[in-house]
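Trainee: Can you walk me through this one? I would like to start with the secondary structure.

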There are 2 protein chains.
Amino acid sequence: MNIGEAAKATGIPAKMIRYYESIGLLPPPNRTGSGYRSYDGEALHRLRFVRRARDFGFSMKQIKALLRLWSDRKRPSREVKAIALGHVAELNMKIEQLTQLRDVLADLARRCSGDHRPHCPILRDLERDAHSPLA
Amino acid sequence: MNIGEAAKATGIPAKMIRYYESIGLLPPPNRTGSGYRSYDGEALHRLRFVRRARDFGFSMKQIKALLRLWSDRKRPSREVKAIALGHVAELNMKIEQLTQLRDVLADLARRCSGDHRPHCPILRDLERDAHSPLA
DNA sequence: CTACACCTTCCCATCGTTGGAAGGTCAAGA
DNA sequence: TCTTGACCTTCCAACGATGGGAAGGTGTAG
């Protein structure tokens, strides 16, 4: 199975598969006589694991750690849970920040007439001298 | 007022001020005889506008458009509102995605014992073959 | 005069991803 | 067999926004 087929099978672009290999996320695959990368079932399994972890928004560093734990049959689930909860905490922070931004911005937009007139609370607000954001 | 003072006054690092200038977000400032950039009140005002727009998470492209509208006294508020609402929509999408990720991940973590035992629903889930994320 | 803080331009790194160029390989059809 | 087209290979570069740092000039205070 060459890289194009593996890409189709896993949903990871061939470019990305090579990149993951280059940063040590994936082991170098076998090569055919002419140098083509060749992927077997286990490699595909690993690729799908990476794919799903990316979907979850894990960083490369986190995925590296998860892969290590994944292939360690004696890993304590504590370590995996810690990584997951760390990511959940990151997500919560991000969500909160974005929600706050959205609320302020939506409110400004609500108060903007949105017609031909130049007056606009949005620009008015952007003019504000606010060193601490969104106060 | 040189770039360092402008940076302190606006909260934008000097590096970023130069970068914004290089991409055409800011007009080239006056220079002293020895080549130092010199910022006046209007330039500071513009910088603060950019700072606040960044705080809101607007992209450089959006900020460019907002700056253009800002300096156009006859702009229709409609255009500003459209940019703001577009950004609100982007934020909503992102918030929804992240929330969904967080919920799934938090649930997996909740079901993970998190002790010395190797069994772990998180890794179990990451193994799944899921082409469409989070189904 | 010297020290130090600042300024200038330049290049490089990040992170994850995408694009392209230049060249080799494979499989199908004429 | 030759050609065509789709694939593969490696390498280089860009994105957006930011940070670090080198090498060299400038400003100011002691």
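Mentor: Helices (H or I, at least four residues) and strands (E, at least two) are DSSP runs, numbered from the N terminus. This is a predicted model, where local features need pLDDT of at least 70, side-chain atom pairs count only at pLDDT 80 or more, and totals for chains, interfaces and linings use all residues. Residues are numbered from 1 along each chain as its sequence is written, and chains are lettered from A and ligands numbered from 1 in the order in which they are written.

Trainee: How many helices and strands does chain A have?

Mentor: Six helices and two strands. Read from the N terminus, the order in chain A is α-α-β-β-α-α-α-α.

Trainee: And what is the radius of gyration of chain A?

Mentor: Chain A has 23 Å, whereas a compact globule of 135 residues would be near 14 Å. That radius is taken over C-alpha atoms, and the globule rule is 2.2 Å times the number of residues to the power 0.38. The C-alpha trace of chain A spans about 70 × 40 × 25 Å along its principal axes.

Trainee: What share of chain A is buried?

Mentor: 27% of its 135 residues. Buried means 20 or more other C-beta atoms within 10 Å of the residue's own, exposed means 12 or fewer, and partly exposed is in between, with C-beta atoms placed from the backbone.

Trainee: Take Ile122(A). Why does it count as buried?

Mentor: Because Ile122(A) has 25 C-beta neighbours inside 10 Å. Ile122(A) sits in helix H6 (residues 121-126) of chain A.

Trainee: What does Ile122(A) touch?

Mentor: Leaving out residues up to four places away in sequence, Ile122(A) touches Leu108(A), Ala109(A), Cys112(A), Val80(B), Lys81(B) and Ala84(B). A contact here means C-beta atoms, placed from the backbone, within 7 Å.

Methods: Contact = placed C-beta atoms within 7 Å.
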